[in-house]
Amino acid sequence: HIAAKFVKNNDIIAIDCGSTAIEVIEALKDRLDTLTVVTHSMDVFLRACRYKNFNIILCGGFFDKNENSFYGDFAIKMLEEIRVSKAFIFPSSISLSGGICEHVPYLAQMQRNLINSSDEVFIVADSSKFGKSSLVKTCDINPKFLYITDSLIPESVKKIYKSNNIQLITNEEV
């Protein structure tokens, strides 16, 4: 996965939950030997704990079986105590007017805390999620974030984001 190219050995990263998160952790295992991963995703945890010298911090709390991830005050308190170099967020939707959004309220809160605990933020979403809105706003579009998507995003959308000083890259550009 393209997002894995931004991670190097010995990084301390946070990984959100979702199917794209699984793709990213799988790609990291093939590229790296040593990594520290902070996550609230049981899927990411179960994969990452099998790999080489990966150190895993699972932010536990209440468990949502549908999302296979943890949330709530306990998980948030853990994130408030942790600092990572890079956070990888996988939202439900992204739009210039609506911001970065999530369909599950507690996931938006977890994403906010992951973003707040990180030096660099990578927003990773397939092209079908751009220009849409979901139930809960995680945060506004931020020009300091790097937005990563697939090569199916229309050139016109890329130009709009670029004209708004948003760095949007696709797998063909890395």
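This is a predicted model: local features need pLDDT of at least 70, side-chain atom pairs count only at pLDDT 80 or more; totals for chains, interfaces and linings use all residues.
View 1. Of its 13 lining residues, H1, E23, D126, T149 and D150 are the closest to the centre. α1 gives the most, with 3 residues. (A pocket is an open set of points on a 1 Å grid over the protein atoms alone, where a 1.4 Å probe fits, with protein on both sides within 12 Å along at least five of seven lines; lining residues have an atom within 4 Å of a point.)

**View 2. The open sheet of 7 strands.** The order is β3-β2-β1-β6-β9-β11-β12, with parallel pairing. Edge strands β3 (53-58) and β12 (167-170) each pair on one side only. (Strands, E, at least two residues, and helices, H or I, at least four, are DSSP runs numbered from the N terminus; two strands pair if DSSP finds at least two bridges between them.) β11 and β12 pair over 4 bridges. There, L146 has Q167 in β12 as its bridge partner.

**View 3. Helix α3 against helix α4.** α3 (residues 73-80) and α4 (residues 105-116) pack at about 10°, axes 9 Å apart. That makes α3 roughly parallel to α4 (angles under 35 degrees, from 0 to 180 degrees between N-to-C directions, with axes fitted to C-alpha atoms over the stretch in contact). A75, I76, L79 and E80 in α3 meet Q109, M110, N113 and L114 in α4 (contact: heavy atoms within 4.5 Å).

**Notes.** Residues are numbered from 1 along each chain as its sequence is written. Local features need pLDDT of at least 70, side-chain atom pairs count only at pLDDT 80 or more, totals for chains, interfaces and linings use all residues, and side-chain values use heavy atoms, leaving out hydrogens and water.

Definitions and conventions:
Angles under 35 degrees count as roughly parallel, over 145 as roughly antiparallel, 65 to 115 as roughly perpendicular and the rest as oblique.
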